[in-house]
Amino acid sequence: MSTEISVSYAQNVTFTIDTQAERKAISPLIYGFNAYADYSGRAGWDAHGGRANLESLNLTSRRMGGNNMTSYNWENGVSNSGADWCHSSNAGVSYSSGAGNPSQTAGLAYYAPGAAIKSFHDQSLALNTFSLLQLPAAGKLPKNIVNMNPPGNCNGWPLWQDAPGASNADASRWLTIVNDKPASAGTLSLAPNLNDNVVYIDEELNFIIKKYGKSSAAKGLKGYELDNEPDLWHLWPSQFGNGTHERLYPQLSTVADVVQKNLDLATTIKRVDPSAKTFGPAVSGYLGLFSLWSVWDGAQARQPADWGQYNVEPYISKNTGDRYRYNGMTFANVYLDKMRQASTAAGKRLLDAFSFHYYPQASYDQATRVQASRSLWDAQYVEPTWITQPGYGFTDGRGIALLPKLQKSVADFYPGTKLAVTEYDFGGRDDVTGAVAQADALGAFGKQGVYLANYFGNVEGYIGAAFKLFRNYDGNKSVFPEVSVKAVSTNNGNGTVYAAVSASDPNTLHIIAINRLATPITASVQIKNPVLFNYVQAWGVDASGPQVTARNVQATITQNNFSTSLPGYSVMHYVLKP
C-alpha cells in the first residue's frame with residue numbers, strides 16, 4: 001500500500017502560474033529553422049512536404065548557414081564541404097537552396113552571382129520570415145567545382161570535384177576573402193570579376209542591397225552571422241579529427257585570429273548596412289564556449305596557442321573567485337569583452353547577438369532525451385555527460401544552466417547583447433520524446449529571453465508538432481502569445497510548465513504543459529490572475545501520433561484552479577478564458 005501511494009505521488013505535479021509576475025516579452029524570432037543544412041534538401045521548398053508544410057508551421061526566422069556556408073563563393077555558387085564531405089568543392093549550397101543545377105558550359109560562372117542567396121531570401125519573403133545569412137570570415141573560398149564524372153566517391157556518393165587529380169591543398173583552388181574592395185579595384189559591381197583571385201564581401205552585401213534594399217527596408221535581409229563554428233575550423237589533430245576546414249584554413253585556429261576575423265567582418269557589415277543585425281561567433285557547442293577548442297590527443301590536453309593569455313581574470317570569474325560563475329564558459333566572456341572594446345572604439349555596436357550552437361551530449365534514448373533540454377535553463381538538472389562529470393574541470397557535478405549563465409556573461413562583459421541559438425537539435429523527429437524536448441526548448445527560449453533560435457533539421461514529424469503547438473495549434477495559425485508570465489513546477493523532472501498572455505487579449509491565458517514521464521501524470525494547476533477563468537480548451541500531442549489534435553478537457557475551474565491528466569510523454573496547450 002505504501003509503495004503504491006509513493007509511486008502515485010511521484011507522478012503528480014503542481015503548476016503555479018501568476019499572470020502579473022515575471023512578465024517579459026517573448027521574441028518572435030525564436031520559432032525558426034535552418035533553411036539550408038548541407039546536401040540533404042532541408043530548404044524544404046519542394047521537398048519534405050514542400051512549401052505548404054512550411055506555411056502550416058507558421059515559423060518566424062530562417063538561417064542560411066552551416067559548414068558549407070563557411071566556403072560559399074557568392075560569385076559563382078561554389079562551396080567546399082570540408083571534412084563533412086571529403087573536402088569536396090561542390091555546388092551543395094546552391095543546389096540545396098533551390099538555385100537549380102550548375103551550368104557545365106559557362107566557364108567558372110556555374111551560377112549567377114548570389115543565386116543561392118536570392119533563392120533563400122525570396123523564400124523567406126514568401127514565408128514572411130526573418131532572414132539570417134551567414135557570411136564567410138575564415139579567409140579562403142573555393143574557386144571551382146564540378147565535373148559530373150569524377151574519380152572516386154565520398155561515403156558511397158559521387159564526389160563533385162573540379163579536375164581529376166586536383167587536390168584541395170592546391171593554392172590555385174582557393175580565392176582570398178577581402179572584406180572591403182579597394183578603390184584601385186574599381187567600384188562595387190553586380191557582375192564580379194571571376195579572374196581576380198579575390199572575393200569582396202562588401203560587393204556581396206551590395207548585391208543584396210541593390211536587390212532588396214538595406215535591412216531597414218521592407219524586403220531587406222535583416223541579419224548576418226559572422227561565419228560558422230570557428231572552434232572547428234582547424235584544431236589539434238586527435239582521435240576526434242582536426243576540424244572541419246583544414247584545407248581552406250590550414251593553420252590551427254587561435255582566439256586572437258577568430259576574434260579579429262569576426263571584428264573585421266562585423267565592421268564591414270555595419271559600414272555597408274548600419275541597421276543590419278550581426279550575430280557571432282556561432283561556436284559549435286559547450287567546448288567552443290569553454291576555450292574556443294580543447295582536445296585530449298591521447299597524451300595531453302591541447303588548447304589554442306594563445307589560450308593562456310585569455311584564460312585569466314576577469315574572464316574566469318569576474319574576479320569573484322567563483323570559477324562556476326559562468327560554468328567554465330570562458331571564451332564566451334573573452335569574445336563578448338573584445339567585441340565591447342572594439343565597439344566602444346568604433347563608436348557603434350558591432351555585435352548585436354551572441355550566437356552559439358547546442359547539441360546535447362547525452363545519449364538519445366527516450367528517458368534521456370526528455371530531460372536533456374533542461375540543461376538549457378535548469379540549474380538543478382545535472383546531465384549524465386562529460387561536461388558535468390566531477391573532476392573533468394567543467395561543471396564538476398553542477399547543472400549547466402546554459403542560458404542563465406550566458407545571460408550573466410552578457411551582463412558582465414557586453415550588456416545589451418542578445419542571445420541567439422542558431423543551430424540546435426535534440427533529436428526524436430520520429431519519436432514522441434522529440435516533441436517533449438523540442439517544446440521545452442521553445443518554452444525555455446521564450447522564458448529565458450533568447451532573441452532568435454533556428455532548429456537544424458527537417459521540421460517534420462514530432463518536431464513539427466512541437467512547433468505547431470506554439471505557432472499553429474488549432475490549424476488557424478493561432479499562436480502562443482508574446483508576454484511570458486511566471487510559471488513554476490514542483491517537479492521539473494516530471495513535468496514543466498510555461499505560460500503567456502497577449503497585450504491585445506490580456507484576459508486569455510495560454511499554458512504549455514509538458515509531461516516528461518512515460519506514464520500519465522495528474523497536474524494541479526493553480527493560477528493567480530485578476531479575472532476568474534471558467535472556460536478551457538486544449539490541444540496536444542502524445543505517443544498516439546505526430547499530429548496536434550484538440551483534446552476534451554475533463555476539468556472544472558474553481559477559483560482559477562483545476563486538475564488535469566497529462567498523457568505519458570506529452571505536450572499540451574491549454575487556452576483559458578473568462
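The expected span of a helix is 1.5 Å times one less than its number of residues. In this predicted model, helix H8 covers residues 330-346 and has 17 residues. From its first C-alpha to its last, H8 reaches 24 Å. That is close to the 24 Å expected at 1.5 Å a residue.

Just after H8 comes Gly 347, with a positive phi of about 75°.

Nonpolar side chains were examined next. In soluble globular proteins, such side chains tend to be buried together. The largest nonpolar core of the model has 116 residues. Phe 356, Tyr 424 and Phe 445 have the most contacts inside this core. Helix H11 (residues 432-447) gives the most to the core, with 9 residues. Phe 445 touches Ile 30, Leu 376, Leu 403, Val 421, Tyr 424, Val 450 and Ala 453, leaving aside residues up to four places away in sequence. Another core lies apart from the largest one and has 27 residues. Val 13, Leu 517, Val 553 and Leu 566 are among its members.

Charged pairs were then considered. Side chains of opposite charge can pair when their charged atoms come close. A search of the whole structure finds 16 salt bridges. One of them joins Lys 118 to Asp 122, with the closest N and O atoms 3.0 Å apart. Both residues lie in helix H4 (residues 115-127). They are 4 residues apart, about one turn of the helix. An α-helix has 3.6 residues a turn, so residues three or four places apart point the same way. Lys 118 is partly exposed, at 33% relative accessible area. Asp 122 is also partly exposed, at 29%.

Another salt bridge, between Asp 180 and Arg 271, has an N to O distance of 2.7 Å. This pair links distant parts of the chain, 91 residues apart. Asp 180 sits in the loop between strand E11 (174-178) and strand E12 (198-200), while Arg 271 belongs to helix H6. Asp 180 has a relative accessible area of 36% and is partly exposed. Arg 271, at 47%, is partly exposed as well.

Asp 378 and Arg 374 also meet in a salt bridge, at 2.9 Å from N to O. Here Asp 378 is buried, with a relative accessible area of 6%. Arg 374 counts as buried too, at 9%, because the cut-off is under 20%. Elsewhere, salt bridges that share partners join Arg 63, Glu 225 and Glu 423 into one network.

The strands E11 and E12 also belong to a sheet. This open sheet is formed by 3 strands in the order E8-E11-E12, with mixed pairing. Strand E8 (140-142) and E12 stand at the edges. Each has a single partner strand, so one side of each is left without a neighbour in the sheet. The twist averages 40° from one strand to the next. E11 and E12 run parallel and are joined by 3 bridges. Thr 176 has Val 198, in E12, as its bridge partner. Helix H5 (residues 201-212) packs on the sheet and touches E11 and E12. The direction of H5 makes about 45° with that of E12.

Technical notes:
Residues numbered from 1 in each chain as written. Predicted model: local features only at pLDDT ≥ 70, side-chain atom pairs only at ≥ 80, totals over all residues. Heavy atoms only, no water. Core = buried A, V, L, I, M, F, W, Y, C linked by side-chain atoms within 4.5 Å. Buried < 20%, exposed > 50% of the residue type's maximum accessible area, 1.4 Å probe, protein only. Helix = DSSP H or I, 4+ residues; strand = E, 2+ residues; numbered from the N terminus. Contact = heavy atoms within 4.5 Å. Salt bridge = Lys/Arg side-chain N within 4 Å of Asp/Glu carboxyl O. Pairing = 2+ DSSP bridges. Axes fitted to C-alpha atoms, helices over the stretch in contact; angles between N-to-C directions.
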